[in-house]
Amino acid sequence: MTYIRSLTIALTALCLVASSALAQTAPRAPQQTQRAPQQTPRAPQQAAPAPQTAPAPQQTPATALPGADDVWTIPDRDRINEGTVTVITAPAGGATSVFGSDMARVLDDDASVRVVPVLGKGPVRNVVDILHLKSIDMGAVAADVPEFYKLQYKIPDIASQLRYIAKLYHNEIHVIAKSSIKSLADLNGKKVVAQTDVGLYSAKVIFSRLNIKANFDFQMDDGTAIQKIVDGEADAYVVSTGKVFPLARAIKNENRALHLVSVPYDRRLQDLYLPTTLSGDEYPNLLAPGETIDTVATSVLLVSFNWPENTERYNRVARFVDAFFSKFDEFQKPPRHPKWKEANISLTIPGWQRFKAADDWLARNRQSPDAQRGRFEQFLVETGLTTGDDPARREALFRQFIEWQKRRQ
């Protein structure tokens, strides 16, 4: 046994010697291109520092947004659908489409609310989409559209199937006509171009109430309608849109063959429209410098289907209402559309019922009424009217304001 143990030790030593020799004669592996991070030179004869352990990663607060270098994760599908609402607006370029984009920018929080704007046809056909499209939760509808449905579709009360959430802004009524047309009454029996979702709905309601019977041509786009009035193929063009209307301002009218016609604030219009003005500063091609004419405006509303309470769709819109109303002041700050200054979440709209979640929010957050003077000043801002230094005009406007208040109560 002693002999076998000695032989094993000798063989082990021989293997170690051979391995050492091979290591010295074998070619060395090429030097790695990756180098260790350069360290600050240490002073001579300084003892090597004790090895350090890597610091533990800091915990990211649960409320913090992900950073650009973080690994992002796709949100949960059910949570996204629960908080997403769609808002159908109008063709790109108008105030309504910008309002939809503003809602998405201000309200989206990646947690509970997401707004998806959808380009639609406009106030008339938005009603159809709100009623029948499964993917649409809300939309922009003008306050006089239900009366248009009564006149044109013979549906007596389309608004009963809808609920309004808030007033967004005003659409001012523009009547561009030949210079021979001096008043709205002169259009009786004349040809008027007015597109379905741009002006026909307001034109039909106003002309019907004032007992003016015009021949309406409505199957065309904006550009074609403008060209017809420029070429003399129609006597007037009616559009319900927020001022300043770019296409109207761009009309070349050097010979002053066209002008804007006044729409009087007739008592037959006062329950549905607001008084306002159009000026030569806004439309220098259609009005003389310094000239101002009267017209009326209709309210553009944010409208939802009348969802039953505590259903999935109702709860989704209610969640949106809470976010929208809570952040309402943000919409009236730059760089949002200037028409947001006309928006109002508490205004009562005649002939319409408010969405219950909106009523509930207002009840929880109701403030004490403003002084009468403050309400009158708000009325002036919303209608764009000015009193200047004329006490008689101020008194007349104040009487209009009192009537306006009564009708909205």
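Student: Which backbone nitrogen does the side chain of S97 reach?
Tutor: That of G93, at 3.3 Å. This is a polar contact, a pair of N or O atoms within 3.5 Å where one must be able to donate a hydrogen and the other to accept it; residues adjacent in sequence count only if both atoms are side-chain atoms. Before we go on: this is a predicted model, where local features need pLDDT of at least 70, side-chain atom pairs count only at pLDDT 80 or more, and totals for chains, interfaces and linings use all residues. Residues are numbered from 1 along each chain as its sequence is written, and side-chain values use heavy atoms, leaving out hydrogens and water.

Student: And how far is the backbone oxygen of G94 from a polar atom of the side chain of S97?
Tutor: 2.9 Å.

Student: Is S97 buried or exposed?
Tutor: S97 counts as buried because its relative accessibility is 9%. Buried means under 20% relative accessible area, exposed over 50%, and partly exposed in between, with a 1.4 Å probe and protein chains only.

Student: New topic: which residues does L184 touch?
Tutor: Leaving out residues up to four places away in sequence, L184 touches V175, I206, F207, L210, I212, V261, S262 and V263. Touching, or contact, means heavy atoms within 4.5 Å.

Student: What about α5 and α6, how do their axes cross?
Tutor: At roughly 75 degrees, and the axes come within 9 Å. Axes are lines fitted to C-alpha atoms, for helices over the stretch in contact, with angles from 0 to 180 degrees between N-to-C directions. Helices here are DSSP runs (H or I, at least four residues), numbered from the N terminus.

Student: Which residues of α5 meet α6?
Tutor: V145, E147, F148, L151 and Q152. By class, the contact of α5 with α6 has six nonpolar, two polar and three charged residues. Here Ala, Val, Leu, Ile, Met, Phe, Trp, Tyr, Cys and Pro count as nonpolar, Asp, Glu, Lys and Arg as charged, and the others, Gly among them, as polar.

Methods:
Helix = DSSP H or I, 4+ residues; strand = E, 2+ residues; numbered from the N terminus.
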